[in-house]
Amino acid sequence: MTCPSFDPHDHAACRRAGMDAAESLCADRRLRLTPVRRRVLELLLAAPKAQGAYDVLSGLNRDAPPRQPPAAYRALDFLVAHGLAHRIERLNAYVACASPGSTHRPAFLICRACDRVAETPDLTPDRLKREADAQGFRIEATVVEAVGLCPACAP
């Protein structure tokens with residue numbers, strides 16, 4: 001579990017909880033949390049805002065022998081595919097998931113000034129589903145991203 005809000009909090013505890021949840025999920029599902037995948041998740045958990053793939057690559061290369069972009073992209077793809085991270089479309093960047101491993105449809109609150117992102121709890125878009133059903137359309141995924149100002153950036 002990462003820190004899903006803009007409120008002041010013990011971020012170190014969030015990072016520990018996020019890694020514990022990832023390790024547990026990977027063990028339960030018999031997934032390999034390789035050293036690169038682990039480090040990428042650590043970088044996402046430690047970051048104060050969403051991270052682009054090249055930000056992640058830079059963090060990887062700070063700590064170990066240089067890696068090429070595919071290493072970062074493969075690790076990010078794994079984390080997203082298994083519910084440990086989310087891709088923020090508006091920013092073309094990634095954040096660690098606030099509820100790793102759970103099936104949920106969060107909305108993301110994105111500060112337009114500092115690019116920090118908060119994940120909201122499960123968002124059930126009932127009206128959208130009703131409209132899609134009425135047209136015979138089957139929704140496979142939704143992404144809700146709200147842009148505004150976080151408390152630190154608001155006047």
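**Cysteines, helices and cores**

Me: Before we go on, what am I looking at?

Reply: This is a predicted model, where local features need pLDDT of at least 70 and side-chain atom pairs count only at pLDDT 80 or more, while totals for chains, interfaces and linings use all residues. Residues are numbered from 1 along each chain as its sequence is written, and side-chain values use heavy atoms, leaving out hydrogens and water.

Me: Why is Cys111 called buried?

Reply: Buried means under 20% relative accessible area, exposed means over 50%, and partly exposed is in between (1.4 Å probe, protein chains only). Cys111 has 1% relative accessibility, so it counts as buried. Cys97 is at 1% too, so it is buried.

Me: What makes strand S3 largely enclosed?

Reply: Five of the six residues of S3 (residues 106-111) are buried, so the rest of the structure largely encloses this strand. Strands (E, at least two residues) and helices (H or I, at least four) are DSSP runs, numbered from the N terminus.

Me: How do you know that S3 pairs with strand S5?

Reply: Two strands pair if DSSP finds at least two bridges between them. Here five bridges join S3 to S5 (residues 144-148), and the two run parallel. Ala107 stands opposite Val144 in S5.

Me: How do you know that the length of helix H2 agrees with what it should span?

Reply: The expected span is 1.5 Å times one less than the number of residues. For the twelve residues of H2 (residues 35-46) that gives 16 Å, and the end C-alpha atoms are 16 Å apart, so the two agree.

Me: Which residues of H2 are buried, and what covers them?

Reply: The buried ones are Val36, Val40, Leu41, Leu43, Leu44 and Leu45. Their cover includes helices H1 (11-29), H3 (53-63) and H4 (69-81), along with strands S1 (85-88) and S2 (93-96).

Me: What makes a group of residues a nonpolar core?

Reply: A core is a set of buried Ala, Val, Leu, Ile, Met, Phe, Trp, Tyr and Cys residues joined through side-chain atoms within 4.5 Å. The largest one has 24 residues, and Val40, Leu44, Val56 and Leu79 touch the most other members. H1, H2, H3, H4 and S2 each supply at least two of its residues, with the largest share, six, coming from H2. A second, separate core has seven residues, among them Ala50, Ile88, Val95 and Val117.

Me: Why does Gln51 count as buried?

Reply: Gln51 has 17% relative accessibility, so it falls on the buried side. This residue is in the loop between H2 and H3. Leaving aside neighbours within four places in sequence, Gln51 is in contact (heavy atoms within 4.5 Å) with Leu44, Val56, Ala93 and Tyr94.

Me: And Arg30: buried or exposed?

Reply: Arg30 counts as exposed, because its relative accessibility is 78%. It lies in the loop between H1 and H2, and its phi is near 55 degrees, a positive value in a residue other than glycine. Most residues other than glycine have a negative phi.

Me: What makes Asp115 partly exposed?

Reply: Its relative accessible area is 28%, so Asp115 is partly exposed. Asp115 sits in the loop between S3 and strand S4 (117-122).
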